[in-house]
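Trainee: Could we go through this structure together? I would like to learn how to read it step by step.

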Amino acid sequence: MLPFAVMLKNLWYTGAPLDRVSHLREDAAWVATRRRAKDTRLVPVWRSRSLVCTEADRALMLTVEEAGDLLDTARHEVVLGLRGDTLYIGLDLSHMDDPYDHPRIEAQGAFEDLRRIGPVIPADEGAILAHARGMMTWHQRHGFCGVCGAPTQASHGGYQRNCTDCGAQHFPRTDPAVIMLVHKGDHCLLGRTHQFPRRIYSALAGFVEPGESLEEAVAREVFEEAGLRVGAVRYMASQPWPFPSSLMLGFHAEALTTELDIDPKELEDARWMRRADLDRLEDFGMELPRRDSIAWRLVKAWQDGMPDKVTN
């Protein structure tokens, strides 16, 4: 059994080993020099898929020397950071009809959904791929100014886009989403949305709205989706979730009421489950989400006995 601190600290896609060097990526001359270094490593993303090695469960991060002209063919690039003296750059190759035209990628790599390969590859590599995927999504969706509609141009190592007309500055966005395991006594609440794969039940979740605290968002979402009132709300941990651009903020929430009033537009089903039954959910035709999700960790932490404090 994992200690609580470990269970909710070592979440997938956290713990990236890179120094993001925000003070250096603003230096265009430094970026121009370092991006051409032979040992600089490239992290390609193609249509939201990440490059992995077909010969092993590892990310395939080519050096500039290995990649040939790949760096110059990218639509977007982002300075991800330094690992020691090695620079990592994320590349968007989504404009390419067939990225396998590159001989090294064709010979050794495959573009895969990070949600599938994330839990398989080393955790530090998964965190780097998640960082790159999230940044490429932002660039793809912010090619035009939200103020005046004119085209934008990237700057500051890929962490800023500037409007070519009105001068507005745009920065990468992350959408905060609360995810909460509601519990009362020896029972917790598991629900499924219409979009979930068959049999999957999870903690309730929803996006934070303007003008509300995280605790208020937890209470509102639980009431809207399941008709329950909650009392104590305890923050547990957070997880970057670049699918496409969320930060999942995990909570345990104590229910004050137990009678469910499910909104059918939000949930297909919701059930109170006993702690002792969580290890045999298949008997109820249910499964928990993937182990790379914070939802799985929230359920397991509660199942093993909720501590007074959980470090993150």
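Mentor: Let us begin with a term: a residue is called buried when its relative accessible area is under 20%, and exposed when that area is over 50%. Please keep in mind that this is a predicted model.

Trainee: Then is Thr63 buried or exposed?

Mentor: Thr63 has a relative accessibility of 10%, so it counts as buried. Thr63 belongs to strand β3, residues 62–63.

Trainee: How far apart are Thr63 and Thr40 in sequence and in space?

Mentor: They are separated by 23 residues in sequence, and their C-alpha atoms are 5.4 Å apart.

Trainee: Let us turn to helices. How many residues does α8 have, and how far does it reach?

Mentor: Helix α8 covers residues 123–141, which is 19 residues. From first C-alpha to last it reaches 27 Å, close to the 27 Å expected at 1.5 Å a residue.

Trainee: Why is α8 described as largely enclosed?

Mentor: Of its 19 residues, 15 are buried, so the rest of the structure largely encloses α8.

Trainee: Which residues of α10 are buried?

Mentor: In α10, ten of ten residues are buried. Among them are Ile294, Trp296, Arg297, Lys300 and Trp302. After α10 comes Gly305, with a positive phi near 105°.

Trainee: Now the pockets. What is the volume of the largest pocket, and which residues lie nearest its centre?

Mentor: The volume of the largest pocket is about 920 Å³. Its lining has 29 residues, and Thr193, Phe196, Ala205, Trp241 and Met248 lie nearest the centre.

Trainee: Which element supplies the largest share of that lining?

Mentor: Strand β12 supplies the largest share of the lining of the largest pocket, with four residues. The elements that each supply at least two residues include β10, β11 and α10. By class, this lining has 16 nonpolar, eight polar and five charged residues.

Trainee: And what about the second largest pocket: which residues lie nearest its centre?

Mentor: Ala130, His131, Gly134, Thr174 and Pro240 lie nearest the centre of the second largest pocket, which is lined by 19 residues. Two or more lining residues come from each of α8, β13 and β14. The volume of the second largest pocket is about 350 Å³, and its lining has twelve nonpolar, five polar and two charged residues.

Trainee: Changing topic, how many aromatic pairs are there?

Mentor: The count is six aromatic pairs.

Trainee: Which residues do ring pairs link into a cluster?

Mentor: The cluster consists of Tyr13, Trp241 and Phe243. You have met Trp241 already, as one of the residues nearest the centre of the largest pocket.

Trainee: Finally, which charged residues lie over rings?

Mentor: Arg229 lies over the face of Phe223, at 3.8 Å from the ring centre. The charged end of Arg192 sits over the ring of Tyr201, 5.8 Å from its centre.

How values were computed. Residues numbered from 1 in each chain as written. Predicted model: local features only at pLDDT ≥ 70, side-chain atom pairs only at ≥ 80, totals over all residues. Heavy atoms only, no water. Expected span 1.5 Å × (residues − 1). Buried < 20%, exposed > 50% of the residue type's maximum accessible area, 1.4 Å probe, protein only. Phe/Tyr/Trp six-rings, centres within 6.5 Å; stacked < 30°, edge-to-face > 60°. Lys NZ or Arg CZ within 6 Å of the ring centre and 35° of its normal. 1 Å grid on protein atoms, 1.4 Å probe; cavity = no way out; pocket = protein on both sides within 12 Å on 5 of 7 lines; lining within 4 Å. Points joined across faces, edges and corners; volume = space filled by probe spheres on them. Nonpolar A, V, L, I, M, F, W, Y, C, P; charged D, E, K, R; others polar.
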